[in-house]
Amino acid sequence: MTVVPCIEQTPLVQTEKFELGTYPFEYFNQLQSAYYPYYDTGFNVLIAASTSSGKTICAEISIANTIAQNKKAIFLCPMKALSTERYDDWTSKEHYFSNYNVEILTGDHKLTDSKKKAIKNADIVIMTSEMLDTRTRFISNEDNHWLYEVGILVVDEAHLLTTERGPALEVGLMNFTQHNKQARLMLLSATLSNTKQIAKWLEWLNEKQTITID
């Protein structure tokens, strides 16, 4: 486990240095700039930072890098409403993710044959933690072998692990890493307190070093 120190002293990185997408501002903020040296590594990542600190953009640049390597990305949201919000944002013409195939899979979407085909062809799949748990349980029965093509799995609002819904997320991550140890795990949270414990658990799950920004 590696802890990134003193992000307040991190020099800001110009967004134009990131060649895989564009942002409507000149510099990444301090959190994003501290994360920037690690966005294209094979490490796990745990970012514990306040709401509106820019955690999602940290995830975006690593997702873009993963897709550039011909791998898929999973983005987990704690609620269906947040999944829809993320889908609407990333498919809008203002966001460079609109150039990717973005699919959403929550309890509001039936897993029809056409949906299965769309998921297989997707670059980014937005899901709830319960949906990850279910899909990994039935990976063979449902032909969910696209899970082997995932290069990064991002968990938004990762403090869900410490709530009554935590077991579904925990089991989903354990099942996923049993099938795919190559994928990076990236956890984002505004309130997660036991970061060292969680970071060590991530390393145990897929045997990858974990970078922590707390």
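Me: Which residues form one aromatic cluster here?
Reply: Phe18, Tyr23, Phe25, Phe28, Tyr36, Tyr39, Phe75, Trp90, Tyr96, Phe97 and Tyr100. Rings of Phe, Tyr and Trp (its six-membered ring) pair if their centres lie within 6.5 Å. This is a predicted model, where local features need pLDDT of at least 70 and side-chain atom pairs count only at pLDDT 80 or more, while totals for chains, interfaces and linings use all residues. Residues are numbered from 1 along each chain as its sequence is written, and side-chain values use heavy atoms, without hydrogens and water.

Me: How many aromatic pairs does the structure hold, and what describes a pair?
Reply: A pair of aromatic rings is described by the distance of the centres and the angle of the planes. Planes under 30 degrees apart are stacked, over 60 edge-to-face, and the rest tilted. The structure holds 12 aromatic pairs. Phe25 and Phe28 are edge-to-face, at 6.4 Å centre to centre and 75 degrees between the planes. Tyr36 and Tyr39 are tilted, at 4.9 Å and 45 degrees.

Me: Is Phe28 buried or exposed?
Reply: Buried means under 20% relative accessible area, exposed over 50%, and partly exposed in between (1.4 Å probe, protein chains only). Phe28 has 1%, so it counts as buried. Phe25 has 29%, so it is partly exposed. Tyr36 is buried at 13%, and Tyr39 is buried at 12%.

Me: Which ring does the charged end of Arg86 sit over?
Reply: A charge sits over a ring if NZ of Lys or CZ of Arg is within 6 Å of the ring centre and within 35 degrees of the ring normal. For Arg86 the ring is that of Trp90, with its centre 5.2 Å away.

Me: How many residues has the largest nonpolar core?
Reply: Such a core is a set of buried Ala, Val, Leu, Ile, Met, Phe, Trp, Tyr and Cys residues joined through side-chain atoms within 4.5 Å. The largest has 37 residues. Ile61 is among those with the most contacts inside it. Helix α2 (residues 55–68) gives the most to this core, with 7 residues. Helices (H or I, at least four residues) and strands (E, at least two) are DSSP runs, numbered from the N terminus.

Me: What is the order of the strands in the open sheet?
Reply: Two strands pair if DSSP finds at least two bridges between them. The 8 strands run β1-β8-β2-β7-β6-β3-β5-β4, with parallel pairing. β1 (2–3) and β4 (102–105) stand at the edges with a single partner strand each, so one side of each lacks a neighbour in the sheet. Between β2 (residues 44–48) and β7 (residues 184–189) there are 4 bridges. Leu46 has Leu187 as its bridge partner in β7.
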